[in-house]
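Here is my note on this structure, for a colleague who has not seen it before. Please read it beside the sequence and the model.

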Amino acid sequence: TRRTNSQGVWSAPNLPEGVYSVSYGFREEQRVFVVPDPEFVTIDGDNSEDIGRVEVESLSSTGSSLRVTLRDRETHLPIPNAYVSINSNGLSSGWGDGRTNPLGEIDFSQLFPATYQVYVWADGFFAPTEQLTVTIEEGQNTLGVRLESVDKTASVRGTVIDAWGNPMQNAKVAATMEIRSQEWGGDYIYTSTLTDSSGNYELTGVPAGRSVDLSVMIPGRES
């Protein structure tokens, strides 16, 4: 990683042969830049590669703002204290985060004209099934998000037996369900129990109307 000089020139001498990806980053508090896509250059023998002039667009704040409002999909009630984050990969400085107020709202100000990805996390609710995006235009922008609550009122019952049909006692049975993707940090509903002397088990607190992954663990092996 190297920085440009006062003339905006950057160089990396004595590089081994190979193909290199050149990417750009900016650290100026007064200006925001549209980040160019990475470029690939090939260093071959004693040859040097000149990328040439890279034109970078500078943006100024439009004074635009974004209000995100979260509500329960079924009851339409606001969702307070939910975490909301916005990010624009195409800008050198285009992100913000915080939590919703008692009305389920959060405001972001001094935004730049760009498309932002919006991430939300609310305890007791499923994450949106699709990536949320919003294109910021001049003035006040709004985005309403409705989340589905996690209804953990169902139960799962069953019996664990071995290959000969004998009940297996103290086998650990677990139900797991992902409610937020790994990309967003990963979050799961997890509940477990042990089988009784007849190999029977009952799992409670399972989301109703949803598919869950069941696993059975016995000493020395897992199925």
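**Notes on the model**

1. Start with β5. Because 7 of its 9 residues are buried, β5 is largely enclosed by the rest of the structure. Buried means under 20% relative accessible area, with exposed over 50% and partly exposed in between (1.4 Å probe, protein chains only). Strands (E, at least two residues) are DSSP runs, numbered from the N terminus.

2. This is a predicted model: local features need pLDDT of at least 70, side-chain atom pairs count only at pLDDT 80 or more, and totals for chains, interfaces and linings use all residues. Residues are numbered from 1 along each chain as its sequence is written, and side-chain values use heavy atoms, with hydrogens and water left out.

3. How confident is the prediction? The protein chain has a mean pLDDT of 77, and 64% of its residues reach 70 or more. pLDDT is the predictor's confidence in each residue, from 0 to 100. Read residues 181-186 with care: their pLDDT is below 50. Beyond near neighbours in sequence, that stretch has 9 contacts in the model. Contact means heavy atoms within 4.5 Å.

4. Which strands pair with β5? β8 does, in the antiparallel sense over 5 bridges. Here L66 stands opposite F108. β11 pairs with β5 in the parallel sense, over 8 bridges. There S65 faces Q140 as its opposite residue. Two strands pair if DSSP finds at least two bridges between them.

5. L66, V68 and L70 touch the most other members of the largest nonpolar core, which has 23 residues. Such a core is a set of buried Ala, Val, Leu, Ile, Met, Phe, Trp, Tyr and Cys residues joined through side-chain atoms within 4.5 Å. Two or more residues each come from β5 (64-72), β6, β8 (105-111), β9 (115-121), β10 and β11 (140-147). A separate core has 10 residues, including A171, A175, L203 and V206.

6. Look at L66 again. Leaving aside neighbours within four places in sequence, L66 contacts I86, I106, D107, F108, L111, V134, I136, N141, T142 and L143.

7. Now the open sheet. Its 4 strands follow the order β7-β6-β9-β10, with antiparallel pairing. The edge strands, β7 (95-99) and β10 (132-135), each pair on one side only. From one strand to the next, the twist averages 20°. Angles run from 0 to 180 degrees between N-to-C directions, with axes as lines fitted to C-alpha atoms.

8. Within that sheet, 5 bridges join β6 (residues 83-87) to β7. S85 stands opposite D97 in β7.
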